[in-house]
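Here are a few friendly notes to read alongside the model. Take them in order, with the structure open beside you.

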Amino acid sequence: MNSSLKTPLGRVRGLGSAKSGTQHFWLQRLTGVAMVPLTVAFVLTLIYLARASQATAIATLGSPLIAILFYLFIITGIIHMRAGMQVIIEDYVHDDALKIAAVMANTFFALLMGAACIFALLKLNFGI
């Protein structure tokens with residue numbers, strides 16, 4: 001006799017009762033792995049720019065390679081942060097209305113932070 005609590009369809013799809021746990025798990029792992037080299041590149045760039053002049057900093061951050069690395073760092077970091085906080089909220093906030101409000105606030109905060117960071121880089125890159 002099968003002692004699994006999953007339905008046959010759930011076993012085939014690999015989804016738990018929440019229907020999205022596996023997706024969140026892999027999203028967190030994928031973005032976490034991607035953040036390792038992106039964070040190294042980010043920190044090395046910041047170390048290089050720590051003693052640089054403002055003109056050097058603007059030129060460095062305006063270069064296509066550095067800009068692309070920073071865009072990827074921002075986007076990946078924001079997705080990782082949002083997904084991680086959502087799991088924490090879903091696990092530890094038990095009131096449904098508060099949980100929905102917290103998940104919405106988390107999403108809006110992530111969008112706001114991502115937009116602010118991307119805007120700053122676009123301003124450096126294109127002078128908009």
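1. Counting contacts in the protein chain between residues at least 6 apart in sequence, 65% join residues at least 24 apart. Please keep in mind that this is a predicted model.

2. Next, the overall make-up. The protein chain has 5 helices and 0 strands, and its pattern along the sequence reads α-α-α-α-α.

3. On burial and surface: of the 128 residues in the protein chain, 24% are buried. The chain exposes about 9,000 Å², and carbon and sulfur atoms supply 74% of that area.

4. Helix α2 covers residues 21–50 and helix α4 covers residues 64–92. They pack with their axes 8 Å apart, at an angle of about 140°. That angle makes α2 oblique to α4, because only angles over 145 degrees count as roughly antiparallel. The crossing of α2 past α4 is left-handed.

5. What does the contact of α2 with α4 have, by class? There are 14 nonpolar residues, 11 polar ones and 1 charged one.

6. Finally, have a look at T45, a residue of helix α2. Is T45 buried or exposed? Its relative accessibility is 10%, so T45 counts as buried, the cut-off for buried being under 20%. Leaving aside residues up to four places away in sequence, T45 touches T60, I66 and F70.

Conventions
Residues are numbered from 1 along each chain as its sequence is written. This is a predicted model: local features need pLDDT of at least 70, side-chain atom pairs count only at pLDDT 80 or more; totals for chains, interfaces and linings use all residues. Side-chain values use heavy atoms; hydrogens and water are left out. Axes are lines fitted to C-alpha atoms, for helices over the stretch in contact, and angles run from 0 to 180 degrees between N-to-C directions. Helices (H or I, at least four residues) and strands (E, at least two) are DSSP runs, numbered from the N terminus. Angles under 35 degrees count as roughly parallel, over 145 as roughly antiparallel, 65 to 115 as roughly perpendicular and the rest as oblique. A crossing is left-handed if the near helix is turned anticlockwise from the far one by less than a right angle, and right-handed if clockwise. Ala, Val, Leu, Ile, Met, Phe, Trp, Tyr, Cys and Pro count as nonpolar, Asp, Glu, Lys and Arg as charged, and the others, Gly among them, as polar. Buried means under 20% relative accessible area, exposed over 50%, partly exposed in between (1.4 Å probe, protein chains only). Contact means heavy atoms within 4.5 Å. Accessible areas come from the Shrake-Rupley method with a 1.4 Å probe; for residues, only the protein chains shown count as cover.
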